[in-house]
Amino acid sequence: MIFLSLVARSYDNDDYAKDVLNSSFTYFPPLVVVCSQLTRSEKKEMLQCIFLLSDSGEVMLEKQLTGHRVDRSICAWFWDQPHSFKQQPVLASPTHYLFQVFREGITFLACTQVEMPPLMAIEFLCRVADVLNDYLGGLNEDLIKDNFIIVYELLDEMIDNGFPLTTEPNILQEMIAPPNIVSKVLSVVTGSSSNVSDTLPGATASCVPWRSADTKYANNEIYVDLVEELDATINRDGGLVKCEINGEVQVNSHITGLPDLTLSFANPSILDDVRFHPCVRFRPWESHQILSFVPPDGQFKLMSYRVRKLKNTPIYVKPQLTSDGGTCRLSVLVGIRNDPGKTIDSVTVQFQLPSCILSADLSSNHGTVNIIANKTCTWSIGRIPKDKAPSMSGTLVLEDGLERLRVFPTFQVGFRIMGVTLSGLQIDKLDLKTVPYRFYKGFRALTRAGEFEVRS
């Protein structure tokens, strides 16, 4: 309760602080608001170090955050652990607690020796990965090494003495210029490699730390995208083991001043496991399922959600394998099971050939089939035609001495549907308050395959 009182004391007239005190403890106030208001005497040491590891275990970057130095040997201990153990987000080593997030072949590893909220550490590492992805235009080992100065500058602003500080991308871009060809040439010519601005953005001392108050646009507009991923597991008998939606409400806002928005859904009762951007006031959602917020400038994720226990999938994939006498006959049929009313395109079926397969001869009546060196087979279908069901068939040759196939592949399915949400979620209205001007609003929907696998 002392922790929450500190926030309210600093923002006595702010609705966000009142929401924190009047709502349940499931609400997490913005990291920057909470942490920036704790005095040095009220803080306990939290994250002590952050490492960025390559997919080979090399320490690409090390950022010590406190006076206590963490030795790199902790990374060697982490890398020597079994793969199943390393996949856990929170680990306990003999000397430290470890938190790790894996993105695009890079492991973000944070260390501490004191107990702390694990979700705060994991969320911060996710923020670091997202910010680096935005700044560098992707995440890989070469980008990190080529722009390590930018990475260090960002970490300096994002965390202070082990506590998260400024984590909003639009505010960070005012403080640290993203890398480009011009800045790299100037750094070579002038010898100055710093991209840090000399002035501090006004939002860092504001009650709305994710937005600048002096933002101005000639054309005021906001776009809302509903992006959903379908996760499904189908067993070898064709039964639906799991089928659920993981969705996001993505917003691109270009509005003058400090706009106050409300967004409502036609059917919010279907949503589970909702998570919000810090700009969302929790009380209106808790009482009326309305999103009330002052948006950051530019692109951001307003909320994420899950819709459980869907009853069917938009397409079906039916694999059949029969083996005898050292060969295996494979046949895969793809078609539309439940027409969503929009075109299903970018359909792909991918699977890993078992190690016992010496060679494969596969062909299809629609699309292209490619087998790469590591025995990964990709069938690119594209758009499913209405007049015929795409099929792939062929023969697999087993290694000598093996009569039947004993290890059966799992088929990974990909697709995309523009203009529809399979969960049925619909936006009811988006209203803008407290501004004298008109604004344009646009809505889009996209559904794509997530972890969609069919077992054979």
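User: How do the residues lining the second largest pocket divide into nonpolar, polar and charged?

Analyst: This is a predicted model, where local features need pLDDT of at least 70, side-chain atom pairs count only at pLDDT 80 or more, and totals for chains, interfaces and linings use all residues. Residues are numbered from 1 along each chain as its sequence is written, and side-chain values use heavy atoms, without hydrogens and water. Ala, Val, Leu, Ile, Met, Phe, Trp, Tyr, Cys and Pro count as nonpolar, Asp, Glu, Lys and Arg as charged, and the others, Gly among them, as polar. On that basis the lining splits into seven nonpolar, four polar and two charged.

User: Which aromatic pair is tilted, F78 with what?

Analyst: A search of the whole structure turns up seven aromatic pairs. Rings of Phe, Tyr and Trp (its six-membered ring) pair if their centres lie within 6.5 Å; planes under 30 degrees apart are stacked, over 60 edge-to-face, the rest tilted. At 6.4 Å centre to centre and 55° between the planes, the tilted partner of F78 is W79.

User: How is the pair of F415 and F452 arranged?

Analyst: Both F415 and F452 are buried. Their centres are 6.1 Å apart with 85° between the planes, and that makes the arrangement edge-to-face.

Terms used
Buried means under 20% relative accessible area, exposed over 50%, partly exposed in between (1.4 Å probe, protein chains only).
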